[in-house]
Amino acid sequence: MTDLSSSDLAEIESQLKGKTLQIYWYMLRDPETSVGVREIQRSLGLSSPSVAAHHLEKLLSLGLVEKTVRGEYLLNQEIKVGVLKFFSRMGRFLVPRHLFYAIWLSTMFAIYIIVYNFVLYQPTGSVHNIAAILFGVVANMVLWIETVRLWREKPF
């Protein structure tokens, strides 16, 4: 992978939209595997192979993929621009980064509710306990809503 200047990243971000982003996202799922024009066309339901070829050539001109001697395309580099900045790789899957925070906070909140309120002490209506529960509920809601919103924004 090469270091890209901010102007290069800006150019890539301006070009990496719509079907081109969908194809790039598809290739990110398995970066070690080369794909052909017909595979892209069928997998993404594009109207013709020429549409897939056009977008693959666009990715080639941006330096994100390379063309093999067999005419297939292989991911050259992974960049984080646009909506991709908010996703992390977990094996074959790209998941919203917020998912990790949401799981962590939900786990901590559940531990607080169970341990503090039922193991160590009897449930009380103290201001501190109510504030902690209110904060936990609101923070969890915000993180889970953001996680779902990002997941819905994924290209496909």
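In which helix does Val-137 lie? Val-137 belongs to helix α6, which covers residues 127–153, where helices (H or I, at least four residues) and strands (E, at least two) are DSSP runs numbered from the N terminus. The model is a predicted one, in which local features need pLDDT of at least 70 and side-chain atom pairs count only at pLDDT 80 or more, while totals for chains, interfaces and linings use all residues. Residues are numbered from 1 along each chain as its sequence is written, and side-chain values use heavy atoms, with hydrogens and water left out.

**Fold and dimensions**

- The protein contains six helices and four strands, and from the N terminus on these elements follow the order α-α-α-α-β-β-β-β-α-α.
- The radius of gyration of the protein, taken over C-alpha atoms, is 22 Å, whereas a compact globule of 156 residues would have a value near 15 Å; the globule rule behind that comparison is 2.2 Å times the number of residues to the power 0.38.
- Along the principal axes of the protein, its C-alpha trace spans about 70 × 35 × 25 Å.
- Among contacts (heavy atoms within 4.5 Å) between residues at least 6 apart in sequence, 60% join residues at least 24 apart.

**Surface and charge**

- About 9,600 Å² of the protein is accessible surface, and 63% of this belongs to carbon and sulfur atoms, with areas computed by the Shrake-Rupley method with a 1.4 Å probe and, for residues, only the protein chains shown counting as cover.
- Buried residues make up 32% of the 156 in the protein, where buried means under 20% relative accessible area, exposed over 50% and partly exposed in between (1.4 Å probe, protein chains only).
- There are 16 positive and 13 negative side chains, and the centres of the two sets lie 8 Å apart; Lys and Arg count as positive and Asp and Glu as negative, with His and the chain ends not counted, and each charge is placed at NZ of Lys, CZ of Arg, CG of Asp or CD of Glu.

**The aromatic pair**

- The structure holds one aromatic pair, and because the ring planes of Trp-25 and Phe-87 stand at 85°, with ring centres 4.9 Å apart, the pair is edge-to-face.
- This pair links distant parts of the chain, with Trp-25 in helix α2 (residues 18–28) and Phe-87 in strand β3 (residues 87–90), 62 residues apart.
- Rings of Phe, Tyr and Trp (its six-membered ring) pair if their centres lie within 6.5 Å, and planes under 30 degrees apart count as stacked, over 60 as edge-to-face and the rest as tilted.
- Trp-25 is buried at a relative accessible area of 4%, and Phe-87 is buried at 1%.

- Val-137 is partly exposed, with a relative accessible area of 34%.
- The C-alpha atoms of Val-137 and Leu-105 are separated by 9.9 Å, and the two residues are 32 residues apart along the chain.
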